[in-house]
Amino acid sequence: MHFPQVLTGMFTTAAIVWTWVYLASGSFWKAVAWAIVTLIVVQLGYFVMVARLVYKLEREDEFGIPKKNEKNRSDLPDEVGQALERRSLRS
């Protein structure tokens, strides 16, 4: 997702939350506070997802197979383990 789309989604979500809280409570400042909390939560979620994608890219090659230093992990599916074994036999 590109930055303008994220920004649009964040502000749209904050506006919806602001409107909802304002209509429910009648308090302008309470609605502003909830909108700010919403922006912070959405930004943290975006940061975590980007960090997860970067971490995943560092651990996999271009085919989605874990790098060689990860081949002995027990949580890999059998197909990946077999592909790694074939790949290491070829080289």
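Visitor: Which helix holds threonine 38, and is the residue buried or exposed?
Guide: Happy to start there, with the reminder that this is a predicted model. Threonine 38 sits in helix α2. Its relative accessible area is 14%, and the cut-off for burial is under 20%, so threonine 38 is buried.

Visitor: Which residues does threonine 38 touch, leaving aside those up to four places away in sequence?
Guide: Helix α1 covers residues 3-25, and its residues meeting α2 include Thr13, Ala14 and Val17. Two of the α1 residues listed as buried are Ala14 and Val17. With sequence neighbours up to four places away set aside, the contacts of threonine 38 are Thr13, Ala14 and Val17.

Visitor: What do the buried residues of α1 pack against?
Guide: The buried residues in α1 are Val6, Met10, Ala14, Val17 and Val21. As a general point, an α-helix has 3.6 residues a turn, so residues three or four places apart point the same way. The partner for the buried residues of α1 is α2 (28-59).

Visitor: How do α1 and α2 run relative to each other, roughly parallel or roughly antiparallel?
Guide: Good one to check on the model. The two axes come within 8 Å and cross at roughly 150°. Angles over 145 degrees fall in the antiparallel class, so α1 is, relative to α2, roughly antiparallel.

Visitor: Is the crossing of α1 and α2 left-handed or right-handed?
Guide: Among the residues that meet here are Phe11 and Ser25 in α1, and Leu39 and Tyr46 in α2. As α1 passes α2, the crossing is right-handed.

Visitor: What span does α1 reach from its first C-alpha to its last?
Guide: Helix α1 has 23 residues. At 1.5 Å a residue, 33 Å would be expected. The model comes close to that, and the span reached is 32 Å.

Visitor: Which residue just after α1 takes a positive phi?
Guide: Helix α1 ends at residue 25, and α2 covers 28-59. Just after α1, a phi of about 80° belongs to glycine 26.

Visitor: How many aromatic pairs are there, and how are the rings of tryptophan 18 and tyrosine 22 arranged?
Guide: The count comes to 3 aromatic pairs. For tryptophan 18 and tyrosine 22, the ring centres are 5.1 Å apart and the planes lie at 5°. Both residues belong to helix α1, 4 residues apart, about one turn of the helix.

Visitor: What about the rings of tryptophan 18 and phenylalanine 28?
Guide: Tryptophan 18 is partly exposed at 27% relative accessible area. Its ring centre lies 5.9 Å from that of phenylalanine 28, with the planes at 75°, so the pair is edge-to-face. This pair joins distant parts of the chain, with tryptophan 18 in helix α1 and phenylalanine 28, 10 residues away, in helix α2.

Visitor: Which residues do ring pairs link into a cluster?
Guide: Two members are partly exposed: tyrosine 22 has 34% relative accessibility, and phenylalanine 28 has 41%. Ring pairs join the cluster of Trp18, Tyr22, Phe28 and Trp29.

Visitor: How many Å apart in space are valine 32 and tyrosine 22, C-alpha to C-alpha?
Guide: Valine 32 lies in helix α2 and is partly exposed at 22% relative accessibility. In sequence, valine 32 and tyrosine 22 are 10 residues apart. In space, C-alpha to C-alpha, their separation is 8.5 Å.

Conventions:
Residues are numbered from 1 along each chain as its sequence is written. This is a predicted model: local features need pLDDT of at least 70, side-chain atom pairs count only at pLDDT 80 or more; totals for chains, interfaces and linings use all residues. Side-chain values use heavy atoms; hydrogens and water are left out. The expected span of a helix is 1.5 Å times one less than its number of residues. Buried means under 20% relative accessible area, exposed over 50%, partly exposed in between (1.4 Å probe, protein chains only). Contact means heavy atoms within 4.5 Å. Rings of Phe, Tyr and Trp (its six-membered ring) pair if their centres lie within 6.5 Å; planes under 30 degrees apart count as stacked, over 60 as edge-to-face and the rest as tilted. Axes are lines fitted to C-alpha atoms, for helices over the stretch in contact, and angles run from 0 to 180 degrees between N-to-C directions. Angles under 35 degrees count as roughly parallel, over 145 as roughly antiparallel, 65 to 115 as roughly perpendicular and the rest as oblique. A crossing is left-handed if the near helix is turned anticlockwise from the far one by less than a right angle, and right-handed if clockwise.
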